[in-house]
Each structure stands twice: as structure tokens, then as C-alpha cells.
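Keep the structure open while you read.

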Amino acid sequence: MGIHTADAIVLRQYPYRETSVLVTCLTDRFGKIKGLIKGLRGVQPSRYRSAMEPLTLNRIIFYDTRTSSLHLISQCDLLEPFGALTRDLAAMQTAASCAELADVIVESDEPQGAIFELLKQTLRRLASGDTRLAAVRIHFVLRLLRLAGFHPQLDECTGCTQPLQGQRACWSARQGGLLCERCLHQDPGAEPIAPRLLEALSACAQAPEPLALEAEEAQAIRQRLDAFLRWQLDRPLKTMRMSG
Ligand SMILES: [Zn+2]
């Protein structure tokens, strides 16, 4: 039976029996884990955020159970509450949407240090009052998809794999990227994408930080990414419906 220490961002929390909670966390060294914390409920509610609330960063001590993938969390200390999120509904919704996407994409018990860092930086950015919410989310989605290995294909046709430089390309959410004119029959729903928008999308996909985007551009990229996610993910995202 192993005992481990990890930094953990809480993705979800649910009540369990009288006084306990179940949490899903993304950790720095152990990937996504599910854990049981006994006796956490009934603690005096505080006006500050407390340990193991959703969208907080904590240091936890947990141990494996022999019988299931559920871990027992014996200690948790709040490291970063990202408290400013609670005072800004739009920033909170963006943060929740990023956390949900990480939850859907990351498999349990598979180390994903880079994705943990990405989520942590994104929560810090949102809590620090960065108001470019659309740009922050676009950056998060594109980096996450790249780290998870299923980012949209932006250089070549997803049908025939020919490079698309200089050619007119169509965006196909279903095929996971672009289609050349000859392959358009593969997705009747594919739509032309303006070269400028494609350039902006590629630039966002490569940028180490969120790029400044015009509102219209951000909206157009976001719509295409959301359609991509709807086709590529196994289950629909709740936060995507919420934020429209
Ligand atoms: Zn093609």
C-alpha cells in the first residue's frame, strides 16, 4: 500500500454518506485520481474558500486501496484558493469549463504533469483578473488538445493528408481539422474557413500564452473549437451548454 504526496486541483466534488466527500482531482505527478475524504463535511463554512473545494489547488496525502481505483485522502492543505474566481461569474464559468474539459480528456491514474501545469496557470490567469476570457479559453483548449494528442489538424487535409499551403481549405469539425476541395465529399457539413481565421487559429495553437484576439475572431475560433470538441469527445460537456 503506497502513501503519496501530491499537488491537486479539484475538478469535482460530491457528498458521500453523512460526513464524507468524493473528489476527482488532477494531480502534478499521478494524473487524475478519484479520492474519498472522510469527515470533511460539517466543517464550519468559511467566507474564504476551503480546502478541496472545486477549482482550488491543494497539497494532499493519499494512499491506495487494494480493491479499487478510489484513493483515500488522509490530509489536505489549501495551497491556492483562486479566491478571486468566486467574485467573477464569467471567469468562474471559464475556469469550470476548462476543468471539465481536463476531466473529460485526461484518463485516470495516468501521469499528466504538463496538463496539470496548464490548468494551474490557466486558473491563476483567470483569478488574476485577466479579462480576455475567450482568448484564455482558446489557449487552454488548444494546448490541452495538443498535450493529449488529438489537436485539430491544421497543416494538411484530414482526408488525403496532402499539405494545404495556399489551397482553399474547409473546416470539418467531424473529421478533426481541414479538408481539401477534392475530399469535401467526406463531410457535407464542412464549411470554408477564411485564410485569416485559419492563420489566427494556427497562431493560437502555437503560442505559449493566450494571444490577443479581436472579439469577432475569438468568437469564430471558439465556435469551431466547440464544434470540434462536440464531435471528438465521447460525452457532451455540461459547461459548454451553459456558456452557449
Ligand atoms: Zn484531401
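## Two loop residues with positive phi

Asp109 sits in the loop between H1 and H2. In this predicted model, its phi comes out near 55°, a positive value in a residue that isn't glycine. Asp109 has 14 C-beta neighbours inside 10 Å, so it counts as partly exposed.

Arg17 is another case: its phi is near 50°, again positive in a residue other than glycine. You'll find Arg17 in the loop between strand S1 (3-16) and strand S2 (20-27).

## The overall picture

Zooming out, the protein has six helices and nine strands. Its C-alpha trace spans about 60 × 40 × 30 Å along the principal axes. Of the 244 residues, 34% are buried. If you take the contacts with a separation of 6 or more, 55% of them come from residues 24 or more positions apart.

The domain assignment gives domain 1 (3-122) and domain 2 (148-243). The C-alpha centres of domain 1 and domain 2 lie 31 Å apart.

## Helix H2

H2 passes a simple length check. Just after H2 comes Gly129, which takes a positive phi of about 90°.

Which residues of H2 are buried? They are Ile115, Phe116, Leu118, Leu119, Thr122, Leu123, Arg125, Leu126 and Ala127. The cover over these buried residues includes S1, S2, H1 and H3. As background, an α-helix has 3.6 residues a turn, so residues three or four places apart point the same way.

## Ile9, a view from strand S1

Ile9 lies in strand S1. It is buried, because 25 C-beta neighbours lie inside 10 Å and 20 or more is enough to qualify. Leaving out residues up to four places away in sequence, Ile9 touches Cys25, Leu26, Leu57, Phe116, Leu119 and Lys120. Phe116 and Leu119 are among the buried residues of H2.

For a sense of distance, take Ile9 and Ala207: they are 198 residues apart along the chain, and their C-alpha atoms are separated by 24 Å.

The same kind of length check works for helix H3 (residues 133-148). Its 16 residues should span 22 Å at 1.5 Å a residue, which agrees with the 22 Å between its end C-alpha atoms. Just past H3, Gly149 takes a positive phi of about 85°.

Why is H3 described as largely enclosed by the rest of the structure? Because 12 of its 16 residues are buried. The buried residues are Leu133, Ala135, Val136, Arg137, Ile138, His139, Phe140, Val141, Leu142, Arg143, Leu144 and Leu145. What covers them includes helix H1 (89-105), helix H2 (113-127), helix H4 (195-206) and helix H5 (215-232).

## How H1 packs on H3

The axes of H1 and H3 come within 10 Å and cross at roughly 10°. H1 and H3 are therefore roughly parallel to each other, since angles under 35 degrees count that way.

On the H1 side, the contact involves Ala90, Ala91, Thr94, Ser97, Cys98, Leu101, Ala102 and Ile105. These meet Leu133, Val136, Arg137, Phe140, Val141, Leu144 and Ala148 in H3. Sorted by class, the contact of H1 with H3 has 12 nonpolar, two polar and one charged residues.

## Ser202 in helix H4

Last stop: Ser202, which is found in helix H4. Helix H4 is one of the elements covering the buried residues of H3.

Ser202 and Asp234 are 32 residues apart in sequence. In space they are 25 Å apart, C-alpha to C-alpha.

Key: Residues are numbered from 1 along each chain as its sequence is written. This is a predicted model: local features need pLDDT of at least 70, side-chain atom pairs count only at pLDDT 80 or more; totals for chains, interfaces and linings use all residues. Helices (H or I, at least four residues) and strands (E, at least two) are DSSP runs, numbered from the N terminus. The expected span of a helix is 1.5 Å times one less than its number of residues. Two residues are in contact if their C-beta atoms, placed from the backbone, lie within 7 Å. Axes are lines fitted to C-alpha atoms, for helices over the stretch in contact, and angles run from 0 to 180 degrees between N-to-C directions. Angles under 35 degrees count as roughly parallel, over 145 as roughly antiparallel, 65 to 115 as roughly perpendicular and the rest as oblique. Ala, Val, Leu, Ile, Met, Phe, Trp, Tyr, Cys and Pro count as nonpolar, Asp, Glu, Lys and Arg as charged, and the others, Gly among them, as polar. Domain bounds come from an automatic or database domain assignment.
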